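Please look over the sequence and structure first.

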Amino acid sequence: MSKEEFEKRKAQLLAAASATPAGSPSRAGEDRRRTASGRPDALPPARKRSENPQYYRAPYRFVPYDAKLVVLAEKEALLPIDEPHADKLSAEIDIAWEAETPLLIGAEQEGGTVVPVSWKGSGQTLTYIVPATTIRGAIRSVCEIVGGASMTFAQVNADQSFAIRDFTHRAYGKPVDEKEASDDGSTFGISSTKNIRAGWIRRVGPANRGDEALEEVTFAIEPAGDWYYIEGKSLWSSGAIRGARIASIEDFYKLPIAEKYASINFENKRCIDPDSRNRIATRQAVFRFNPVGSKTDGGRVVALMAGGSIEGHLVFSGKAPSPRQRRYEYVFARSDRREATAIKPELWSRFVKSQSQYVGDKLRPEGGWKELAAMFAADPDLELPVFYVGDLGLQLENKFAFGFTRLFKVPHTKTLKKVLEESGVKSPTHSDGPVDRTKLDMVDALFGYVYEPETGLPDGEDPSEYSRKGRIAFDHGEVPNDPKLVRRTGPIETVMSGPKPSFSPFYLSGNWKDYSAPGDTIPTIAGRKRYPVRHQPDRPQDNETSVRKSLREQVEAVKAMSPGGRVSEKVLSRLDFLVPAPNAKSLKFTSRIRLFNVTDAELGLVLEAVTLCGDDSLRHAIGRGKPFGAGQIKATVKSLRVQYNRDTSVADHGADREARAHFRDAFAAHVERQLGDKANELRANVETFLAMCDPEVGAEMKRQGKLDYLRLREPVPNSNRPDNPYQVLRDQVKPTNDQRVYPAGGPVLLKMERRQR
């Protein structure tokens with residue numbers, strides 16, 4: 001539904017409501033008691049929103065996180081690592097790994113195919129490698145769950161910012177009653193045309209090399225005069241635009257914004273005073289217009305007309321997702337040059353981050369900002385039209401926002417960092433200073449860390465105050481290129497898609513799963529993300545077929561949702577997996593873990609992680625393709641050699657479970673001492689995680705369709721109009737202009753049943 005259609009439908013509903021007699025069922029909710037001032041005294045009872053459990057599905061789940069359940073390291077574990085303690089030990093653990101579904105720890109080659117990592121030994125024999133870093137990451141992630149580790153900003157991208165464009169969202173549109181709206185920054189008022197201001201945005205500082213998203217550049221906005229709508233068909237028929245690729249106004253709407261401005265026809269008789277034709281024609285092209293009417297939202301409409309009373313500039317937005325539904329472009333009235341106001345650095349950074357994505361630690365612009373950033377980078381003197389709301393001088397955080405189209409996205413009122421802080425995710429440095437080692441958890445104390453302050457390491461500071469060397473090391477695994485043992489699947493096309501943390505219904509917990517939760521309500525994170533395993537361990541060939549099918553179905557699903565049934569090369573991934581040879585049951589390799597100067601409890605934690613709490617029926621998941629069932633792998637401890645610092649002898653426990661039980665018991669005892677009665681809560685979270693490691697649990701979830709990706713369109717029984725499940729779920733848990741509606745869905749939408757043990 002377009003904005004104009006929405007406003008028209010809204011006006012019809014309001015008119016129908018006002019015509020309904022008081023006391024009738026449809027007006028019962030509007031009969032409020034009022035005070036002497038005539039203002040509402042109380043809202044009627046809230047209505048609960050409908051739930052949509054059929055859409056609670058995704059290939060991932062979350063292990064709950066509770067900062068009150070963090071298990072701190074033992075005092076002995078915090079001693080300098082180069083000072084042997086009599087009761088500490090060194091150990092070696094040999095592990096046998098069996099991959100039961102296709103496995104890919106890969107690197108992308110030219111052409112875009114991801115192939116298994118490999119190297120050639122001294123005899124030039126090709127050997128596939130499971131890197132030590134992959135094994136380390138897999139074991140550490142399990143240690144963090146089983147060992148009650150704290151989550152820190154270093155483990156998540158707390159700098160991400162999210163934005164919304166949603167007419168019914170309270171943070172986007174008008175409040176319930178504009179006259180009674182508070183100053184809590186709960187709304188930007190985008191739905192009201194009278195709130196929108198026009199301006200010209202330009203660079204006022206140099207760009208740093210490598211800053212592709214222009215986050216570190218200073219930009220300023222110069223206020224413009226009045227602004228108007230202009231109907232696309234009128235613009236097309238006037239001859240003000242032309243170009244070889246433009247045969248209709250729909251063709252024009254499909255163009256990138258730079259091509260739109262390049263298509264301005266300076267020779268058109270309605271165009272006056274073109275200062276320059278060598279740069280993108282924005283402020284340089286001036287036309288004459290006359291008013292021809294107004295829109296339902298109060299916006300004024302003009303048309304090109306020789307001798308018109310309004311001098312102004314044509315203003316275009318980027319590519320239209322639905323060209324046939326777009327009706328209007330815009331006009332800014334010509335005005336004298338005015339002083340420009342620099343955008344506050346924190347607000348500019350927020351805008352850029354909401355229009356970009358992180359690739360490693362670098363911001364990469366996406367969507368419309370990708371094109372606009374390139375235009376500003378190519379022409380430092382470029383001026384482009386911009387819309388904004390709020391006071392340009394004050395630039396209050398939750399009242400000022402800007403964008404390059406009339407209905408631009410606005411930032412959420414809660415940042416991801418605020419949500420993480422509310423969830424107990426912390427900075428590992430206190431007051432931006434050295435790491436507080438008295439608060440280290442078991443995992444950081446064992447694996448080590450490097451936690452620099454956000455502003456970088458202060459001059460003259462000792463790096464050891466912000467880092468600690470680990471006391472655990474991992475060897476890589478090797479899979480010889482033997483046709484009797486292993487083969488490659490060849491490239492399999494798929495689309496690695498799915499919601500990001502911006503999709504709050506799945507990634508957040510609480511009643512309001514929204515980054516603009518009302519008032520002081522702040523949602524929390526759903527937890528640590530994991531991909532449940534789902535394939536029968538004893539059927540590797542069937543598992544390969546199933547994974548292939550899931551990978552290809554994703555491509556077909558994207559085709560079905562795309563115009564013309566095509567999939568862009570930009571979104572396709574080609575994965576070349578390792579699988580067992582036809583007569584081999586599984587893909588096998590071995591690796592070793594070495595521990596130095598550790599406690600009994602720390603060794604017990606690692607054994608719990610490797611063996612998944614000693615349950616042979618459970619499986620790890622590593623590598624690429626986990627959303628489709630790839631990377632399911634079993635780990636078995638083949639030998640354990642232990643030497644205490646006080647002794648010269650080495651105890652070889654082999655695969656003796658009873659001998660290993662001592663260390664696991666030491667770990668369990670330490671958790672009990674740390675958490676007391678809350679230890680049961682941590683165990684409950686661990687059981688939720690172990691359910692994700694159970695192929696039988698995952699197989700049943702897969703059979704029920706609970707591990708499938710949501711589609712952009714889902715059929716609705718007895719209806720010709722499909723649902724957009726992403727929008728349905730957002731509507732279910734967001735604050736709307738109707739404050740009388742409660743959210744639905746409970747604490748989390750993606751539930752994971754705990755295992756019965």
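In which sense do strand 28 (residues 492-495) and strand 32 pair, and over how many bridges? They pair in the antiparallel sense, over four bridges.

## Basis and overall make-up

This is a predicted model, in which local features need pLDDT of at least 70, side-chain atom pairs count only at pLDDT 80 or more, and totals for chains, interfaces and linings use all residues. Residues are numbered from 1 along each chain as its sequence is written, and side-chain values use heavy atoms, with hydrogens and water left out.

The protein chain has 16 helices and 38 strands. Helices (H or I, at least four residues) and strands (E, at least two) are DSSP runs, numbered from the N terminus. Of its 757 residues, 50% are buried (buried means under 20% relative accessible area, with a 1.4 Å probe and protein chains only). Among contacts between residues at least 6 apart in sequence, 72% join residues at least 24 apart; contact means heavy atoms within 4.5 Å.

Strand 32 covers residues 572-575. L572 and R574 point one way from this strand, S573 and L575 point the other way, and all are buried.

The bridge partner of V114 in strand 32 is L575. Two strands count as paired if DSSP finds at least two bridges between them.

An open sheet is formed by three strands in the order 6-7-26, with antiparallel pairing. Strand 6 (118-120) and strand 26 (477-480) are at the edges with a single partner strand each, so one side of each has no neighbour in the sheet. From one strand to the next, the twist averages 35°.

Strand 7 (residues 126-130) pairs with strand 26 over four bridges in the antiparallel sense. Within this pairing, Y128 has V479 of strand 26 as its bridge partner.

## Helices 12 and 13

Helix 12 (residues 600-611) and helix 13 (residues 657-675) have axes that come within 7 Å and cross at roughly 105°. Axes are lines fitted to C-alpha atoms, for helices over the stretch in contact, and angles run from 0 to 180 degrees between N-to-C directions. The two helices are therefore roughly perpendicular (65 to 115 degrees). Helix 12 contributes D600, A601, L603, G604, L605, L607 and E608 to the contact, and helix 13 contributes R660, H662, F663, R664, A666, F667 and H670.

By class, this contact of helix 12 with helix 13 has seven nonpolar, three polar and four charged residues. Ala, Val, Leu, Ile, Met, Phe, Trp, Tyr, Cys and Pro count as nonpolar, Asp, Glu, Lys and Arg as charged, and the others, Gly among them, as polar.

## Helix 14 and its surroundings

Helix 14 (residues 679-692) has 14 residues and reaches 20 Å from its first C-alpha to its last, close to the 20 Å expected at 1.5 Å a residue; the expected span is 1.5 Å times one less than the number of residues. Because 10 of its 14 residues are buried, helix 14 is largely enclosed by the rest of the structure. Among the buried residues are N685, E687, F689 and M692. Their cover includes strand 2 (61-63), helix 2 (132-146), strand 31 (528-530), helix 13 and helix 15 (695-703).

Helix 13 packs against helix 14 at an angle of about 125°, with the axes 8 Å apart. V671, E672 and L675 in helix 13 meet A679, L682 and R683 in helix 14. By class, this contact has four nonpolar, no polar and two charged residues.

Note on methods: Angles under 35 degrees count as roughly parallel, over 145 as roughly antiparallel, 65 to 115 as roughly perpendicular and the rest as oblique.
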